[in-house]
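Please read these points with the model open beside you.

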Amino acid sequence: MLVCDDEPIVRILVHAALDREKYIMVVARDGQEALALARSEQPDLILLDVVMPGRSGHNVLDALRRDPATATTPIIILTAWTQATDAAEMLRAGADGYLTKPFSPHELASLVAELLQDPVAPARAA
């Protein structure tokens, strides 16, 4: 799993929300690093912030969807953007899920499990 967020606290919360024994996580701190790691690591799933240094999450999403190596990788947008139009735009652009910050750990774990077609979703308190 690739976690792309420039905020250390968000990366810590993602690690806390997801079972670290079940998911191996690689971290990108900006859009350019996110693209490079997505291509080199070929993660099973990508958690992608929208507002990051370098390249925006929207730009990264577009590049990943155009690359045959990452075109079908599940991508969850994890962002502070809360407008319904923002979510609709990212889903139209190819995101598979959209969660706003602050996010529910249970909701994140459930969406990750669903997209990875994990038969036993981690049970976590919200």
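1. The C-alpha atoms fill a box of roughly 35 × 30 × 25 Å along the principal axes.

2. On sources: this is a predicted model, in which local features need pLDDT of at least 70 and side-chain atom pairs count only at pLDDT 80 or more, while totals for chains, interfaces and linings use all residues. Residues are numbered from 1 along each chain as its sequence is written, and side-chain values use heavy atoms, with hydrogens and water left out.

3. The protein chain holds five helices and five strands, in the sequence pattern β-α-β-α-β-α-β-α-β-α. Helices (H or I, at least four residues) and strands (E, at least two) are DSSP runs, numbered from the N terminus.

4. Of the 126 residues, 46% count as buried. Buried means under 20% relative accessible area, exposed over 50%, and partly exposed in between (1.4 Å probe, protein chains only). Among contacts between residues at least 6 apart in sequence, 57% join residues at least 24 apart; contact means heavy atoms within 4.5 Å.

5. Which residues of helix α4 are buried? In α4 (residues 84-92) they are D86, A87 and M90. They cover an arc of only 95 degrees around the axis, which puts them on the same side of α4; the arc is that of the directions from the helix axis to the C-beta atoms. An α-helix has 3.6 residues a turn, so residues three or four places apart point the same way.

6. A84, T85 and R92 are exposed on the other side of α4. The cover over the buried residues of α4 includes α3 (57-66), β4 (75-79) and β5 (97-100). After α4 comes G94, which has a positive phi, near 120 degrees.

7. Where does F103 sit? F103 lies in the loop between β5 and α5 (105-115). F103 is buried, with a relative accessible area of 13%. Leaving aside neighbours within four places in sequence, F103 is in contact with V10, L13, V14, A17, L78 and L108. A113 is 10 residues from F103 along the chain, and their C-alpha atoms are separated by 16 Å.
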